[in-house]
Amino acid sequence: VSYMLALPAQENAASGVTATPQSTLQAGNAPELSQADFDWAKQTYFERCAGCHGTLRMGATGPALTPDVTQPMGTLALAAIIFNGTTGGMPDWGKQGLLTQEQTEIMAKFLQQEPPTPPEYSLAQMKETWKVLVPPAERPTQPQTQRDWQNYFIVTLRDAGQVAIIDGDTHEIVNTVNSGYAVHITRMSATGRYAYVIGRDGKLALIDLWMEKPDVVAQVQVCYDARSVEVSKYNGEKGNFEDKYAIVGCYWPPHFVFLDGQTLEPFKIVSTRSYTYDTEEYHPEPRVASILASHFKPEWIVNIKETGLVWIVDYSDPNNPTIKMIEAERFLHDGGLDSTKRYFLVAANQSNKIAVIDLLEEKLVAKVETDAIPHPGRGANWIDPEFGPVWSTSHLGDGAIVSIGTDPENHPDHVWKVVRTTPLPGDGSLFIKTHPDSKWIWVDMTLNTDPVLARTICVVAKAQPDAVHKCWQVADYGRAVHFEYNKQGTQVWVSVWGDASKPGQTGEIVIYDDATLKEVARIPNLVTPTGKFNVYNTVYDIY
Ligand code: DHE
């Protein structure tokens, strides 16, 4: 199955690239490239490289790749990095067999050219893609299923361009629906009734979980490249916004979009092009990283990666939104709430810091130095036997879990400090998870270069958090990635990425009993299962 992302047809015209009649391109000192090679490299860069290096190649998770950087390096040095990867997280595209030697050289030459700028995307274009398949008036007025729909898991089947809706009680697949390409995350509406599924290609699907067989009831594309979606959750003095609005955060174009929560009609676009928080330099591509809904105010916390600002966006008057811009740290990525939901902790991954935002007072309260490249997902909240309430992250660049004190009231000496570092057998961790009722913290090492560690997971005992309690291989192939608890907090689901072309190794979900750590079930034959979002835990931010 191809998981290629296609740039829209008008991209070529708008960038002015293919419109040029000449057959070779050369910018300044860049090596020559035929038009066909340039077009191939442009598309491949967008699909494989832009996520980390930026569409305009200004750098974020990966370093900047603008001609002033790449031309002095030259074709050979660049091609070697593209082929072999680096220990800093650059994948070995050649060794993995995804690019040939010739293709890595074409890419190396392309990187020495000026980056082409993809087109913008207007509300009118969004509306052309907008479809309401089942209008709100024709949807069920109460759940049509005997199943506990609040215990459904929405599971990304990344390379299939689908999500599976799986019953958390019976482990049966209730339905598999087509979604955007390589779905990144799913968030539930405030009541849990709707699931909002965002594809990497900016396609948003709305699934009604009250249907007997949950299915897509509306869809729309709001950008070419996206990673985040969130819903309005507030219900209080300022009104009831439950299930009312959704927001999608885009990588390209750099903007976020407000949509009607019931129909997905897009109605407001806010550009994030602006100035870096520290040097006040214009940035043409500040991408929208994680978005979280406040539980206390009609607000979304929108993290602007390249400028390092956390925007608190008030959605109570969404056509005239007020935005408070909080200076935080550059390269904001993923994050979550503390156990009281008052504080939001977000990784500034390439700065090796966690920024802490007080959502009641709407200000930055701390920047905490961590190990290399923190990558918390939404993190893990638990009570440390010595330091009280903490929030933890694992890291891509270091084999360690770092725990940060989160209790200003009763543990003021430890608050917003790293109170504990728990070593792991390896680096390359993407996700960590726990549940308030669990005695464990679960952690993966998905991107470790050792294939055995990449499919190994570990648990740390909250009662003895100095070292891991136990590590084991989840499968004898592939990589283990991402955890989610069931609604009861008694079982943990782990994904295994496999290879769809190898029988018996397609990919699966492995389910463990949280009390005993014993395997209880496997859901086999899933194509690259990735993020799993339990309805109840996602609505209430339980992690
Ligand atoms: Fe993710 C969360 C961006 C690579 C799986 N990822 C996020 C979020 C962002 C993001 C901004 C937070 C969303 C939110 O909370 O609103 N991810 C990016 C990238 O820019 C990056 C580094 C490169 C890219 O090109 O996309 C990237 N992510 C990956 C992967 O390679 C993963 C493992 C598989 C995939 O689908 O590509 C992956 N990202 C996930 C998952 C989450 C996520 C499963 C949600 C975790 C959670 O529990 O909340």
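Strands and the ligand shell in a predicted model

In this predicted model, α3 (50-53), β11 (225-231), β19, β23 (332-337), β35 (479-485) and β39 (529-534) each supply at least two residues of the shell around the ligand.

Me: Which of these elements gives the most to the shell around the ligand?
Reply: Strand β19 does, with three residues.

Me: What makes a residue count as part of that shell?
Reply: The C-beta atom, placed from the backbone, has to lie within 6 Å of the molecule; 21 residues surround the ligand, and the closest are Gly51, Ser228, Ala289, Ser290 and Gly531.

Me: What makes β19 and β20 paired strands?
Reply: Pairing requires at least two bridges, and four bridges join β19 to β20 (residues 299-304), the two running antiparallel, with Leu292 opposite Ile301 in β20.

Me: Why are β19 and β22 called edge strands?
Reply: The open, antiparallel sheet has the order β19-β20-β21-β22; β19 (288-293) and β22 (322-327) each have a single partner strand, so one side of each is left without a neighbour in the sheet.

Me: How do you know that β8 and β9 are paired?
Reply: Against the requirement of at least two bridges, β8 (residues 194-198) and β9 (residues 203-208) have five, in the antiparallel sense, and Ala195 stands opposite Ile207 in β9. Both strands belong to an open sheet in the order β3-β10-β9-β8-β7.

Methods:
Residues are numbered from 1 along each chain as its sequence is written. This is a predicted model: local features need pLDDT of at least 70, side-chain atom pairs count only at pLDDT 80 or more; totals for chains, interfaces and linings use all residues.
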